[in-house]
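Subject: The structure, and some notes on it

Hi,

Here is the structure I promised to pass on. Please open it alongside this message, and my notes follow below.

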Amino acid sequence: MSGGTRLENANPLIFQRSGERRLTATDEDEDVADPIDDREIFDIFSKSINDPEHPLSLEELNVVEQMRVNVNDQESMVSVEFTPTIPHCSMATLIGLSIKVKLLRSLPDRFKIDVHITPGTHASEDAVNKQLADKERVAAALENSQLLEVVNQCLSSRAM
Amino acid sequence: MAADNSVLLGLVEEFVSGQVDSKAAETVTGSSEKSIVNVIHCFSSCRLSLTSSQPQTRGRGVQLLSQVLQECYSSLSEKELEVLLAFYENRLKDHYVIIPHVLQGLKALTECSVLPPGSAVSILRSIFQDLHVQSLMVAERSCVYNILISLMESKEEELKGLGADFIFGFVQSVDGERDPRNLLLAFQVARNIIHRGYGLGKFVEELFEVMSCYFPIDFSPPPSDPHRITQEELVLSLRAVLTGTSQFAKFLLPLIIEKLDSDIQSAKVDSLQTLAACGLTYSHKELAEFLPGLWSSIRREVFQTASERVESAGLSAVSALVSCLSRSVLSSDSEDVLQVFLSLVLKDCQHHLCEPDLKLVWPSAKLLQAAAGASYRASLIVSAAVIPALLEQYNNRTQVRSCPSLTNILRTVLMYFSLCLLHKHTEDSVLVAFQQSLCSVVFSALTESSAGLQVTATGVLTALGQQPGLLAQTDVEKAVDHLTRLILEEDDTKVSLAVVECSGSLAHLHPKAFISRLIPRLKEEILSAVRQRCVTALASVSSLPSVVQESAPILLQVLASAHTGTHSFYSKISFLIIFSTLLFSYRSASRMASQAVSLFLDGDVSFLPENAFPSQIQLLQKHHLFERKKQHLWDSSCHSFTSRQVEIPEIDRLLVQLEDLSCTCPHLFSYTSAAKCFAGLVNKRPAGEALDAVLERVMKRISVELENVSSAQRTQAFTLLLWVSKALLLRYHPLSTALTDKLFALLSDPALGSQVADGFCVLMSDSLDVLNRNCHADVRIMYRQRFFAENSTKLIQGFNSAEQEEKSCYLKALSHIVSNLPRQIQLTELPALLPLLLEALSCADQAVQLSTLSCLQPVLLEPPAAIRNQLEALFSRLLALTTSPVMKVRIASLQCVHALSRLPEHMVLPFRARVLKALAVPLDDKKRLVRIKAMVARGEWFLLGSPGGK
């Protein structure tokens, strides 16, 4: 990841970040319950997950978009599609894992979390999706301290 | 004398044989202090032991002598010193067991003020010849460095006479030093050598080698370190050594380039900061050779880094280099190194500004800005190269109208300009040539819909206005039109604020344009829906008398229409607040003030233009409509009267009226305003009999009201008491203690207690509308600290003796006081207050919880040592509060839990599992704001102690 090694995608396109969510009057109202919505989930990982290759957030690289996040608060379902920057990106599994871990840590237990690649954007889409959907494999991956280290680095806040 | 001697001999014998340790030394030093026995006596008493053939015995003897010397070195004469020095220097050749004691003694001797000439040189020669410093123990090495330091203080000339031998000796003795405490001393010696002009001779490289092997410093103090040496200290003192002389340049600069390749972030930052420090001492000659290498390393760091620290260190290194190069005097045949360096920078950065994907625009712009900001010449060169290119780029983009990159580049251009303009070096303006196109960029940005762009553009406009000659008359008019449009049409609060600010600053410079264009438009619109914004804008542009003359009638007109009751209550209040700021900002407000007083006291409205209502309305009548009006007037008079320059007519009559109203009026807003106004006047009143009389009268009245438990006016009396206390506290008036004591006593009042506790918030925080420095109130510095220092014990005692149900009032008062104290004081006072604050956290009053949390949170960011023992209690209370029924309490407690994740890992790791479990609950909170905080905090706690985390 340092400057010395060759980057897979050395010159990615960069996208504008969406602004901060506007605070509304109901947000401050004690009595109104705010349901968990797409934007909230999007904010969770768009700002706080970094790309493993670049010092940029996933939002800036357009890996995640708000329209590809679907939440159903009542049925406790979250589904996230992410788009690797290039079709052969070897980091796709890692990015998916980071998103999954971040959601696991940030959402209440009741949610069922589904993370997969935007259809048609990656060469080995099915394999990656299968790995990400397999609870056992995710759990096993997080037992591996080296892998956990990389994931944690992706999840560390950028201001160091 | 003889008897003394024999006693002494006995004691020495005991000490030497090792039977008694302290007694002999104490007795001997004690008696030598009384100068019954001088040191030479002691010396001769020790003779037997000093000449013993057993090294241990000799050691004991020297030890005793050294201890004596440490106590009484100041009383030695030059003669005695000579003898002792000769003895000690000779002892350096002795057995190794003795050396530590010898060094102790030598250290004591070097601190004498009457060292004989030549002794410093001979001491050093013996140390350097006879000792191998690095094979000594830590304490002895430290002794050697201390000897060097004290000799450098007292015998600088002699040591300089030693020349390069001294440097060589020092290099040899320090080579291989590992102890951080000793390193600090060694760095100090080296710094002295460099800064005090010791000749380094041919040992420049040796000295550099022996020092630079520690660079960059990587040191983490052991957790139980009693010496509290920080990495920061070491880094700074080493940096002072390395950057102290330009003779090191040819060794240091390659080293910096090498270390910038390191993977460790702190090493990079340290290298960059060291480079920036070099900029202060070096000249272009030293730098020239290494500029390409340095630049490519810095560029790589700024372009590739993810860390703001590295980036800002890199930028300041560029600034330092450029300002160093700009400072250098050129000889006729050398080339201009600044030009060379800047062309390197421009070559690497400029094309990024024009690249279509804009990936490196920001780093490039920052680098160029750092270079341009360093000196006038640099800004000239950089601007001349960059601005035309940017403008061209901008013009091309506008034709194509490709979105987000268009706005992006526009923003870059603007930011660059504003930064450039705001820099003081560009006084006689590099930008005149581009003035036209720059204005058109700014104006087009003002018409964009992006709020951020508009805010930036108004910032640039303000900056343009500040530079003479950059805004032509026609441009000013255009700018005013744009501003007027934005004031009337723009709903975004950030933009409105920026526009109003910009109008204010431009109106100060170009009043005519504003009078002729802005004010008439606002006059038309002032009764429409955007009245609020119009009035704000009017208030902000009214800083010059000529503008006020135009704007005041409009505002008075609104006041008049307010009187007819067609507008809502609140808009009138806000209007009057603005009206009064206007009054106050207008320097010669005395005429206004007298009008306001007459309006207030007599209802005289005759001075209003277009006098449309009957004069002589009795405003003090308790008529409902007028009641409201009175409130505004009090408020406005609060402001205008408290302006220091304004002479207030009939002040005594006014004070009596205000006191009366504040004690009797039943309306909350009215009596509070009256009390505030009264306090503002009292605060400003010069000390003297008049003031004392007023205070005595009001105190009596307050006491009477407060003592009458059944009185309906107790709240009013308390409000007045509170504000008067504040007025007096701010100016350190002697009566203030009596008043605040009254407030403390009221804390246990069953009816008023809670209000009184909240009153401490008023007392300690800055009030926005009155009694602040902007109102020219008499505010002494650090009144909060003083108040806290004088009263904290009273409060704690009060708390301890209070009944259970009254305790919460004390806690609330305490948390208000503490949360308003400056951070530094909070940190020092926290150990004493921590138990009380923890108590406050478990207090049922939610306001207390909230203010305690808000006071704890900043403290937890830099936690004091005292918190360690309280972590268990702290965690259990904070975690309990994360499910409080009040949203703000939940948020604040989550922020505290987040802050705790930054404590040293070993302290908080035991709580990790518990915190993670507890934070799972607020993740499902019904309020989004709470969930976000919980999510952030939980994320940090997950990273704690996990590989790749922190």
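A charge is taken to sit over a ring if NZ of Lys or CZ of Arg is within 6 Å of the ring centre and within 35 degrees of the ring normal. With that in mind, have a look at chain B: the charged end of Arg786(B) sits over the ring of Tyr732(B), 3.8 Å from its centre. Please bear in mind that this is a predicted model.

Most residues other than glycine have a negative phi. You will find Tyr732(B) in the loop between α37 (714-730) and α38 (736-746) of chain B. Its relative accessible area is 22%, so Tyr732(B) counts as partly exposed.

Now to the aromatic rings. Over all chains, the structure holds 13 aromatic pairs. In one of them, the ring centres of Phe166(B) and Tyr198(B) are 5.6 Å apart and the planes are at 35°, so this pair is tilted. Phe166(B) belongs to helix α11 (residues 164-174) of chain B, while Tyr198(B) is in the loop between α12 (180-195) and α13 (204-212) of chain B, so the pair ties together parts that are 32 residues apart in sequence. Phe166(B) and Tyr198(B) are both buried. Together with Phe128(B), Phe166(B) and Tyr198(B) form one aromatic cluster. A charge comes in here as well: the charged end of Lys160(B) sits over the ring of Tyr198(B), 5.6 Å from its centre.

Further along chain B, there is a helix pair to look at. Helix α24 (residues 435-447) of chain B packs with α25(B) at an angle of about 145°, and their axes are 8 Å apart. The crossing of α24(B) past α25(B) is left-handed. Which residues meet there? On the α24(B) side they are Leu438(B), Val442(B), Phe443(B), Ala445(B) and Leu446(B), and on the α25(B) side Leu453(B), Gln454(B), Ala457(B), Thr458(B), Val460(B), Leu461(B) and Leu464(B).

Helix α25 (residues 451-466) of chain B also holds Thr462(B). The side chain of Thr462(B) reaches the backbone oxygen of Thr458(B) at 2.7 Å. Leaving aside residues up to four places away in sequence, Thr462(B) touches Cys502(B) and Ser505(B).

One peptide bond in chain B is worth checking on your screen. From Phe215(B) to Pro216(B) the bond is cis, with omega near -10°, and Pro216(B) is in the loop between α13 and α14 (231-242) of chain B. Most peptide bonds are trans.

Finally, chain A. Its secondary structure comes to six helices and three strands, which run α-α-β-β-α-β-α-α-α from the N terminus on. Chain A has 160 residues, and 45% of them count as buried. Among its contacts between residues at least 6 apart in sequence, 67% join residues at least 24 apart. Asn62(A) is in the loop between α2 (38-48) and β1 (69-72) of chain A. Phi of Asn62(A) is near 60°, a positive value in a residue other than glycine. Is Asn62(A) partly exposed or buried? Its relative accessibility is 24%, so Asn62(A) counts as partly exposed.

Definitions and conventions: Residues are numbered from 1 along each chain as its sequence is written. Chains are lettered from A and ligands numbered from 1 in the order in which they are written. This is a predicted model: local features need pLDDT of at least 70, side-chain atom pairs count only at pLDDT 80 or more; totals for chains, interfaces and linings use all residues. Side-chain values use heavy atoms; hydrogens and water are left out. Rings of Phe, Tyr and Trp (its six-membered ring) pair if their centres lie within 6.5 Å; planes under 30 degrees apart count as stacked, over 60 as edge-to-face and the rest as tilted. Helices (H or I, at least four residues) and strands (E, at least two) are DSSP runs, numbered from the N terminus. Buried means under 20% relative accessible area, exposed over 50%, partly exposed in between (1.4 Å probe, protein chains only). A polar contact is a pair of N or O atoms within 3.5 Å; within protein, one must be able to donate a hydrogen and the other to accept it, and residues adjacent in sequence count only if both atoms are side-chain atoms. Contact means heavy atoms within 4.5 Å. Axes are lines fitted to C-alpha atoms, for helices over the stretch in contact, and angles run from 0 to 180 degrees between N-to-C directions. A crossing is left-handed if the near helix is turned anticlockwise from the far one by less than a right angle, and right-handed if clockwise.
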